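The tour goes from a helix pair to a pocket and then to a cavity.

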Amino acid sequence: MKIAIYGAGSLGTVIGAFLTEAGMNVDLINRNRSHVEGLKIKGAQITGTIEMQVPVKALLPEEMSEKYDIIFLLTKQQENEKVVEQIARYLNEDGVICTAQNGFPELSVAEVIGEERTFGCTIAWGATMIGNGVSDLTSSPDSLTFSIGSLNGKNDEKLQEIKKILEVVGPVDIERNFIGARWSKLTINSAFSGMSAVLGCTLGEAAKNKESRKCIQRILKECFDVADAAGIQLEPVQGKDLRKLVGYTNRLKKWFSYLIIPIAIRKHARLKASMLQDLEKGKRTEVDAINGVVSQYGKKYHVATPYNDKVVELIHGIEEGNYTPYFDNVRFFK
């Protein structure tokens with residue numbers, strides 16, 4: 001089986017290292033020439049909570065020439081239509097794309113190649129690029145889990161193939177309610193990654209600060225309320241029911257939620273959100289595909305989402321040079 005990881009940045013480099021070390025035929029593809037050169041010369045170097053260095057096959061997009069059975073898509077989704085049209089040419093006749101992007105990217109992928117060839121994957125851990133070919137794994141090794149599924153709930157044979165591949169890295173759940181799994185991941189990203197990007201800090205630092213923790217708590221509740229209005233049943237994340245863990249309907253549960261938030265994120269406390277990494281590099285973020293999706297669904301189902309709205313506003317302000325990612329930005333939520 002021929003596999004490609006298209007957009008092999010921080011997460012893709014980690015996955016590619018594991019798959020290659022297990023003897024799988026996998027290409028790591030990225031348009032960052034320096035990063036690809038680093039992968040070619042020194043291999044995939046993983047630091048942080050694990051240490052490994054694996055010789056890998058790395059390519060620039062223009063160097064692609066073979067056909068693939070499975071392409072894992074890890075690029076930013078702002079240009080999904082163009083990217084998917086490009087890489088679809090390198091799929092075998094029965095080849096599929098499994099997107100591991102944020103938000104709800106399956107819909108845009110399926111518009112190009114069809115639902116039957118579109119699969120989704122949620123990743124519940126994080127990493128940070130710290131050099132060309134070097135990815136710092138910031139989540140604990142026991143958190144390397146995946147949830148996978150399809151839009152139409154069909155093609156179990158292909159789902160099993162994807163599951164077998166990713167199990168080389170960590171445990172994999174096949175979600176029949178994949179939209180629910182997506183919303184659970186979206187909820188975590190909206191709350192913790194959104195605040196990390198606004199405040200210029202790690203997820204753990206955002207959760208530890210008393211004022212920003214209140215904002216995280218409100219963002220979580222908005223995500224739960226929108227899901228309820230939209231009829232979306234959230235799926236557990238790494239065996240944990242998010243609503244029971246950090247949701248609240250009364251003062252006692254709100255107090256418990258507030259106390260538990262730093263504990264709930266402790267395995268990923270060192271993680272710096274990819275949106276913050278983009279801001280630090282002067283790049284546009286995926287905030288519209290994360291907090292922006294919650295805001296859009298909120299408008300559609302008549303649920304107020306002021307905290308998610310504010311995250312979108314502030315991150316776009318940072319992109320435009322009106323603010324910088326800084327802890328004092330928490331004042332804008334008051």
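**Stop one: a helix pair**

Select helix α8, residues 210-230, together with α13: the two pack at an angle of about 115 degrees, with axes 8 Å apart. This is a predicted model. Angles of 65 to 115 degrees count as roughly perpendicular, so α8 and α13 are roughly perpendicular to each other. Now show side chains. On the α8 side, pick C215, R218, I219, E222 and C223; on the α13 side, pick P306, Y307, N308 and V311. Colour this contact by class: six residues are nonpolar, one is polar and two are charged.

**Stop two: the second largest pocket**

Which helix gives the largest share of the lining? It is α12, with three residues. The pocket has a volume of about 280 Å³. Its lining counts 18 residues, and Q77, D288, A289, V293 and Q296 are the closest to the centre. Centre the view on those five. By class, the lining holds six nonpolar, eight polar and four charged residues.

**Stop three: the cavity**

How many cavities of 30 Å³ or more does the structure hold? One. The largest cavity contains about 40 Å³ of space. Select its lining: I15, F72, L74, A100, C121, I123, F146 and L166. Colour by class again: eight are nonpolar, with no polar and no charged residues.

Terms used. Residues numbered from 1 in each chain as written. Predicted model: local features only at pLDDT ≥ 70, side-chain atom pairs only at ≥ 80, totals over all residues. Heavy atoms only, no water. 1 Å grid on protein atoms, 1.4 Å probe; cavity = no way out; pocket = protein on both sides within 12 Å on 5 of 7 lines; lining within 4 Å. Points joined across faces, edges and corners; volume = space filled by probe spheres on them. Helix = DSSP H or I, 4+ residues; strand = E, 2+ residues; numbered from the N terminus. Nonpolar A, V, L, I, M, F, W, Y, C, P; charged D, E, K, R; others polar. Axes fitted to C-alpha atoms, helices over the stretch in contact; angles between N-to-C directions. Parallel < 35°, antiparallel > 145°, perpendicular 65-115°, else oblique. Contact = heavy atoms within 4.5 Å.
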